[in-house]
Each structure stands twice: as C-alpha cells, then as structure tokens.
Amino acid sequence: MKQWYLIQFKPNSHRLAERNLTRQGFEVFLPMQDVTRRKAARFVSELRPLFAGYMFVSVDREAAPWRAINSTLGVSRLVSFDGAPKPMPSELMASLMQRCDEAGKLLPQKTLSAGDPVDVLSGPFANFVATVDKIDAEHRVWLLMDFMGQSTRVHVAADQVQVSK
C-alpha cells in the first residue's frame with residue numbers, strides 16, 4: 001500500500017529532485033504557490049514551493065526501493081524518526097491535494113465575504129493585510145487597506161488574496 005512521505009530537497013533543487021524521483025518511478029507531489037517579491041524597482045511574481053525545502057513522495061515501503069530516495073540527485077534526505085520514515089496522515093495529504101490543481105499550484109480559497117481579513121499574495125500590494133469590502137460581479141475583490149492612517153479602497157483578483165489565519 002502506497003503512503004506519502006516527506007522529503008527534504010537541497011536548496012533550489014526542487015525541480016531536479018522532482019525530475020529524478022519521477023524517473024525512478026516514484027509519484028511526487030510538490031505544492032507550489034505564486035509569490036510576489038520586489039526586485040530592484042519592480043515586482044516579480046514567481047512560482048515557489050509552498051513548503052520551502054520540502055516535498056512529498058508516494059512510496060510502497062514493502063515493494064519499492066525507498067532507500068534509493070536518499071541517494072537521488074537533488075534530494076537531501078527522506079525525513080525519518082528513529083531511523084525509519086514516518087508516513088504523512090492520509091487526511092492531510094488528501095485535503096492538501098484538493099487545494100491544488102493538476103500541476104500542483106495552490107488554488108485560491110473560494111469562501112471570501114465582506115469583512116474578512118485577508119493577506120494579499122501577489123501584485124503591488126503583496127504581503128499587505130487588508131479587509132474585504134465587497135466582491136463584485138466580475139469576481140474582483142475590493143479591499144480596504146490602511147495607508148498612513150487612512151483607509152484606501154483597492155481592487156484585486158480573487159486569486160491574489162487568501163483569508164488570514
């Protein structure tokens with residue numbers, strides 16, 4: 001029976017590790033998210049792993065040579081406790097996979113309503129915290145943001161925000 005395990009990959013080697021594990025016949029799940037950061041005088045949006053430095057691999061410990069994972073190019077180690085890898089809870093993996101599309105990109109949450117505190121994920125207001133004012137017919141989200149003590153109303157696409165925890 002296949003179960004999901006956590007692996008740690010080497011810095012900036014997620015694509016290399018994913019490609020080499022797939023070549024060996026392992027199923028890999030690498031959840032990704034759009035991240036906007038400032039580079040010089042402009043904003044750059046890029047796809048980055050949701051869990052920096054980690055990805056998931058599906059392995060049948062009885063049939064597959066799971067020890068080969070540690071020697072795979074790009075992989076640092078299979079996360080183990082007491083000398084043996086511990087499987088991830090199946091409910092956690094199922095819910096995480098439901099939140100992603102086929103390519104592993106994290107989908108935005110569908111349940112936004114007026115008054116919700118949100119984090120802006122991308123665009124010129126990335127990393128700002130705002131409050132949802134309203135959602136219009138074109139699925140644009142109008143936010144109230146606090147700039148220098150004044151409340152300012154801006155609009156963003158629904159996939160650019162997530163509900164704050």
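Predicted model: local features only at pLDDT ≥ 70, side-chain atom pairs only at ≥ 80, totals over all residues.

Me: Which residue forms a salt bridge with Asp34?

Reply: A salt bridge requires a side-chain nitrogen of Lys or Arg within 4 Å of a carboxyl oxygen of Asp or Glu. Here Lys105 is the partner, with the closest N and O atoms 2.9 Å apart. Asp34 lies in strand 3 and Lys105 in the loop between helix 2 and strand 9, so the pair ties together parts that are 71 residues apart in sequence. Lys105 is partly exposed, at 31% relative accessibility.

Me: How many salt bridges does a search of the whole structure find?

Reply: The search finds four. Among them is the one between Glu18 and Arg15, at 2.7 Å from N to O. These two residues are three apart in helix 1, which means that about one helical turn separates them. Another joins the side chains of Glu46 and Arg37 at 3.0 Å; Glu46 is partly exposed at 23%, as is Arg37 at 37%.

Me: Where is Asn12 placed, and what is its phi?

Reply: Asn12 is not a glycine, yet its phi is positive, near 55 degrees. Asn12 sits in the loop between strand 1 and helix 1, and is exposed, with a relative accessible area of 63%. Met148 also has a positive phi, about 50 degrees, without being a glycine. Met148 belongs to the loop between strand 11 and strand 12 and is exposed at 85% relative accessibility.

Key:
Residues numbered from 1 in each chain as written. Heavy atoms only, no water. Helix = DSSP H or I, 4+ residues; strand = E, 2+ residues; numbered from the N terminus. Buried < 20%, exposed > 50% of the residue type's maximum accessible area, 1.4 Å probe, protein only.
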